[in-house]
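Me: Hi! Could you walk me through this one? I'd like to start with the charged contacts.

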Amino acid sequence: LSVKFDRAALIAALSAGTTTYTVPGAGVGDLQSHFYRLVTKDAASQTTASADQFTKYATHLVAGQHLLSIPVRMSDTRIDTVLRTVDYRVARTYVNPAGQGKNWLTKAKDKPWGDLTNVDETQALWLLVNADSELVVAGIVPASVTIRLAAGWNFVGYPSFVDRTVSSALAGANLQTVEGFAESNPPFYLRRLASTDALLAGDGLWIHVSAAF
């Protein structure tokens, strides 16, 4: 997904005191991602644009295994909210260092319990999808995101809509291995990434480093 931000068009002029606005036809059912910026105007007609952009992010998921992330900062990070448009069976993430004595956290859709309760833009997910679905979320495209890598394996997302190579995105890290999703490579669905491979919004990654970064 490559995005250019220089094609903005005015979609609405809102009166003072407005607190919500719904963009017609841009929610669930619309398979495109959309990007927005709020511009405020004071009594002297001076304008100020919001530092962050906002987005409705959508991607199509076929039935089967996926390694992905949510490249949007959401106000509600509960997994049932984040994945509410997806017909999935199991979602899993890996935490380094381990929390509560284990690394893997899991949410099974058909079980009322699970230790994977929240998902943010820094995490990667293994997601087993039951039937073709659209992942649709709305939130902020943050101006910057910091992801801390611990020594060893890290399971992280790529929360940027700016495509970068592996070497550019991870410049300065003591990298041993970077692996990404490979739908055609069961049973692990992974491939080793080269330094020149591009990272795209919504990618999920395994990153092994020899020192914290």
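Reply: Happy to. A salt bridge here is a side-chain nitrogen of Lys or Arg within 4 Å of a carboxyl oxygen of Asp or Glu. Keep in mind that this is a predicted model.

Me: Got it. How many salt bridges does the structure hold?

Reply: There are five salt bridges in the structure. One of them joins Glu121 to Arg73, with 2.8 Å between the closest N and O atoms.

Me: And which parts does that pair tie together?

Reply: Glu121 sits in the loop between β7 (102-108) and β8 (124-129), while Arg73 is in the loop between β5 (64-69) and α1 (79-82), so the pair links parts 48 residues apart in sequence.

Me: Is Glu121 buried or exposed?

Reply: Glu121 counts as buried, because its relative accessibility is 8% and the cut-off for buried is under 20%.

Me: Nice. What about Arg78, who does its side chain meet?

Reply: Arg78 meets Asp76 in a salt bridge, at 2.6 Å from N to O. Asp76 is partly exposed, with 23% relative accessibility.

Me: And Lys111, what's its partner?

Reply: That's Asp110, with an N to O distance of 3.8 Å. Lys111 is partly exposed at 36%, whereas Asp110 counts as exposed at 59%.

Me: Over how many bridges do β4 and β9 pair?

Reply: Nine bridges, running antiparallel, with β4 covering residues 53-61. Within that pairing, Tyr57 has Val137 in β9 as its bridge partner.

Me: Last one: which residues form the nonpolar patch on the surface?

Reply: Ile11, Leu14 and Tyr21 make up that patch, and together they have about 290 Å² of accessible area. Leu14 is in the segment before β1.

Me: How accessible is Leu14?

Reply: Leu14 has a relative accessible area of 43%, so it counts as partly exposed.

Technical notes. Residues are numbered from 1 along each chain as its sequence is written. This is a predicted model: local features need pLDDT of at least 70, side-chain atom pairs count only at pLDDT 80 or more; totals for chains, interfaces and linings use all residues. Side-chain values use heavy atoms; hydrogens and water are left out. Two strands pair if DSSP finds at least two bridges between them. Helices (H or I, at least four residues) and strands (E, at least two) are DSSP runs, numbered from the N terminus. Patches are made of residues with over 30% relative accessible area and no salt bridge: like charges are joined within 9 Å, nonpolar side chains (Val, Leu, Ile, Met, Phe, Trp, Tyr) within 5 Å. Accessible areas come from the Shrake-Rupley method with a 1.4 Å probe; for residues, only the protein chains shown count as cover. Buried means under 20% relative accessible area, exposed over 50%, partly exposed in between (1.4 Å probe, protein chains only).
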